[in-house]
Amino acid sequence: MSRTGGGSRKNSAETRERLITAASEVLREEGYAGASARAVATRAEANSALVFYHFGGVDQLLLAALDRSSAERMTLYRELAGQARTLEELVEVATRVYRTDLERGYIAEFSELVAAAVTKPELRAEINQRSQPWIDFIAGEWDRVLGESPLGRLLPAQEVAYAAITFYLGVNLFSVLDEDRSRTEGVFDLAGTLAPRAKLLTLRLPRRGTPE
């Protein structure tokens, strides 16, 4: 009997994972409007009723998919960003993050849910809650690398983080017009060109309260 129960739990967990994977794929390829319970269940080769059984609804399933991809990304990008020691290297990390997220569909996944939150207020708190760890991550890396430098003081970490998230969302919308990515890539090229020239502004100042 216990063996049967264990098998049932395993099958249930596998079904849940298939639904999350299918939800990510549908959201990235068909958008929020195409992410119905039936569309997701069909791709997962499951009964659409299981969407409600496991998650309570389609939005909750899509948020679970976002949570999984966000956890994957955070693990990957924490390691990548942790290697940066200069402004130039931070720009390189940001460029790699953008390219990776675009190629893997992460930008589309997040942006589709943000767009849905415009007309569905109940999604706003959920999306805002999931955005905060990324704002904290960006702000933390900016502060770690630039610290008490003049540039760090000129551009506070929180404001830089908000600007980065805003740009991240805007890139996805603009990609509809920038089909070959040339104009977006041009922005990163410009940032890469300007970063070395800002070197004097990245020299650390003595921290307050410490002798020179």
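This dialogue covers helix packing and salt bridges in a predicted model.

Q: How is the packing of two helices described?
A: Two packed helices are described by the angle between their axes and the distance between those axes. Here, helix α4 (residues 58-81) packs with helix α5 (residues 87-104) at about 155 degrees, with the axes 10 Å apart. Angles over 145 degrees count as roughly antiparallel, therefore α4 and α5 are roughly antiparallel to each other. Their crossing is right-handed.

Q: Which residues of α4 and α5 make the contact?
A: From α4 come R73, L76, Y77, L80 and A81, and from α5 come V93, R96, V97, T100, D101 and R104. By class, the contact has six nonpolar, one polar and four charged residues.

Q: How many salt bridges does the count come to?
A: The rule is a side-chain nitrogen of Lys or Arg within 4 Å of a carboxyl oxygen of Asp or Glu. By this rule there are twelve salt bridges. One of them pairs E29 with R43, with the closest N and O atoms 3.0 Å apart. E29 lies in helix α1 (residues 2-30) and R43 in helix α2 (residues 37-44), so the pair ties together parts 14 residues apart in sequence. Salt bridges with shared partners join E25, E29 and R43 into one network.

Q: Which parts of the chain does the pair D67 and R130 link?
A: The side chains of D67 and R130 meet in a salt bridge at 2.6 Å, N to O. This pair links helix α4, which holds D67, to helix α7 (residues 121-146), which holds R130, across 63 residues.

Q: Is R130 buried or exposed?
A: Buried means under 20% relative accessible area. R130 has 18% relative accessibility, so R130 counts as buried. D67, at 33%, is partly exposed.

Technical notes
Residues numbered from 1 in each chain as written. Predicted model: local features only at pLDDT ≥ 70, side-chain atom pairs only at ≥ 80, totals over all residues. Heavy atoms only, no water. Axes fitted to C-alpha atoms, helices over the stretch in contact; angles between N-to-C directions. Helix = DSSP H or I, 4+ residues; strand = E, 2+ residues; numbered from the N terminus. Parallel < 35°, antiparallel > 145°, perpendicular 65-115°, else oblique. Left-handed = near helix turned anticlockwise from the far one by under 90°. Contact = heavy atoms within 4.5 Å. Nonpolar A, V, L, I, M, F, W, Y, C, P; charged D, E, K, R; others polar. Buried < 20%, exposed > 50% of the residue type's maximum accessible area, 1.4 Å probe, protein only.
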